[in-house]
Amino acid sequence: MIKGFIFDLDGVITDTAEQHYVAWKRLSDENGWKFDREVNDRLRGISRLDSIKVILQYNGILLDEKTMGNLATQKNVNYVESLDDVTPDDFLPGAKELLTHLRTEGFHVALGSASKNASKVLQQLNALGYFDVIGDGNSVPESKPDPAIFLYGSDKLGLQPDECIVFEDAESGIDAAKTGGFYSVGIGPEERVGHADLRFDTMADATLFEIKSYFKDLF
Ligand code: BG6
Ligand code: MG
């Protein structure tokens, strides 16, 4: 039986991909690296340090861990500053409605995000009240596609993985959910999240009615 839901943040609850893009672009420009939206899309779901490794590899540059860490911190300062502009109007369409519905029906809800800035984003959205558990980039050392962040969420909710549905917009996030033994809902195109149990183009399509209809034997 499904008793809980675990949500990724960026690309599911709100769309911070643009702010990430601007901050990585600024760092890349300052360092004379190539960076574009196609590369930015490859950073979906992966940690800050893994992201800079992807950018450097794209540019054919090798740096030591300490320098990479410093550069990633520099990007983060700009990113965090831009989060001041996030407001409660910045939920992705449908996300707030689904979270409200889950609360009304008494489901347990956790966040399972790779971001170390998740609490700040949730505060800006005024969304902390929708979650019983916050799992973020500070909760576990492993990154998606490792299932650790979702297992952290289900464990803190007191549920088994097969009692939870994970919501994800990243390929690595769906991989993580499947490896961990969770049911999964993918948000986005077939090429990216087509391997989820159920897929919607946008959060606006992901109503509790649709979810219950699909996973009907589990409710
Ligand atoms: C994920 C984003 O939610 O968080 C990634 O999809 C990002 O693009 C990752 O790299 C880490 O975020 P932060 O806020 O810790 O730099
Ligand atoms: Mg995401």
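Okay, let's start with phenylalanine 215: at 5% relative accessibility, this residue counts as buried. Keep in mind that we're looking at a predicted model.

So who does Phe215 pair with? One partner is tyrosine 214, and that aromatic pair is edge-to-face, 4.9 Å centre to centre with 85 degrees between the planes. Tyrosine 214 itself is partly exposed, at a relative accessible area of 45%.

Then there's tyrosine 183. Its ring centre sits 5.8 Å from that of phenylalanine 215, and the planes are at 70 degrees, so this one is edge-to-face as well. Tyrosine 183 is partly exposed too, at 26% relative accessible area. Now, Tyr183 is in strand E5 while Phe215 is in the segment after H10, so the pair ties together parts 32 residues apart in sequence.

Zooming out, the structure has ten aromatic pairs. There's also one aromatic cluster made of Phe5, Phe7, Phe107, Phe167 and Phe219.

Some of those names come back in the largest nonpolar core. That core has 37 residues, and the ones touching the most other members are Phe5, Phe7, Ile13, Phe131, Phe167 and Met203. Elements giving it two or more residues include strands E1, E4 and E5 and helices H5 and H10. Take isoleucine 13: leaving out residues up to four places away in sequence, its contacts include Phe7, Phe91, Leu99, Leu125 and Phe131. Apart from this core there's another, with 14 residues, among them Ile6, Ala148, Phe150 and Leu159.

Arginine 37 puts its charged end over the ring of tyrosine 21, 3.9 Å from the centre, and lysine 34 lies over the face of tyrosine 58, at 4.9 Å from the ring centre.

Definitions and conventions: Residues numbered from 1 in each chain as written. Chains lettered and ligands numbered in written order. Predicted model: local features only at pLDDT ≥ 70, side-chain atom pairs only at ≥ 80, totals over all residues. Heavy atoms only, no water. Core = buried A, V, L, I, M, F, W, Y, C linked by side-chain atoms within 4.5 Å. Buried < 20%, exposed > 50% of the residue type's maximum accessible area, 1.4 Å probe, protein only. Helix = DSSP H or I, 4+ residues; strand = E, 2+ residues; numbered from the N terminus. Contact = heavy atoms within 4.5 Å. Phe/Tyr/Trp six-rings, centres within 6.5 Å; stacked < 30°, edge-to-face > 60°. Lys NZ or Arg CZ within 6 Å of the ring centre and 35° of its normal.
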